[in-house]
Amino acid sequence: MVQGGKGRDTGRGKTDQRAVRKARLAAALRENLKRRKQQARERELARQRPSNEASPARDAEVAGRVPDFRRNRSDE
């Protein structure tokens, strides 16, 4: 048998440990949620960008043409 207050102190210590663990897990969950939301925002931006930017196929097509910077262009 346990004498005196020793048995009661261990229960209180476990309660404190559980509270600390719960708070730590809650903070980790919040951080995880923030990270996942940021990743979702970045994926959405990446999905929208290609329509505004040139594609590699288009870059190759443009690179094949030489711009004519002459002032008086003629159809030669």
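The structure holds two salt bridges, a salt bridge being a side-chain nitrogen of Lys or Arg within 4 Å of a carboxyl oxygen of Asp or Glu. Keep in mind that this is a predicted model, where local features need pLDDT of at least 70 and side-chain atom pairs count only at pLDDT 80 or more, while totals for chains, interfaces and linings use all residues. Residues are numbered from 1 along each chain as its sequence is written, and side-chain values use heavy atoms, with hydrogens and water left out.

Let's start with the overall picture. You'll find two helices and zero strands in the protein; helices (H or I, at least four residues) and strands (E, at least two) are DSSP runs, numbered from the N terminus. Of the 76 residues, 0% are buried. Here buried means under 20% relative accessible area, exposed means over 50%, and partly exposed is in between (1.4 Å probe, protein chains only). The accessible surface comes to about 8,000 Å², and 51% of it belongs to carbon and sulfur atoms. Those areas come from the Shrake-Rupley method with a 1.4 Å probe; for residues, only the protein chains shown count as cover.

Now for the pairs themselves. E31 bridges to K34, with the closest N and O atoms 3.6 Å apart. The two sit three residues apart in helix α1 (residues 6-52), so about one helical turn separates them. E31 is partly exposed at 48% relative accessible area, whereas K34 is exposed at 52%.

Further along, R47 pairs with E44, and here the closest N and O atoms are 2.6 Å apart. R47 and E44 are also three residues apart in helix α1, so about one helical turn lies between them. R47 is exposed, with a relative accessible area of 60%, while E44 is partly exposed at 30%.
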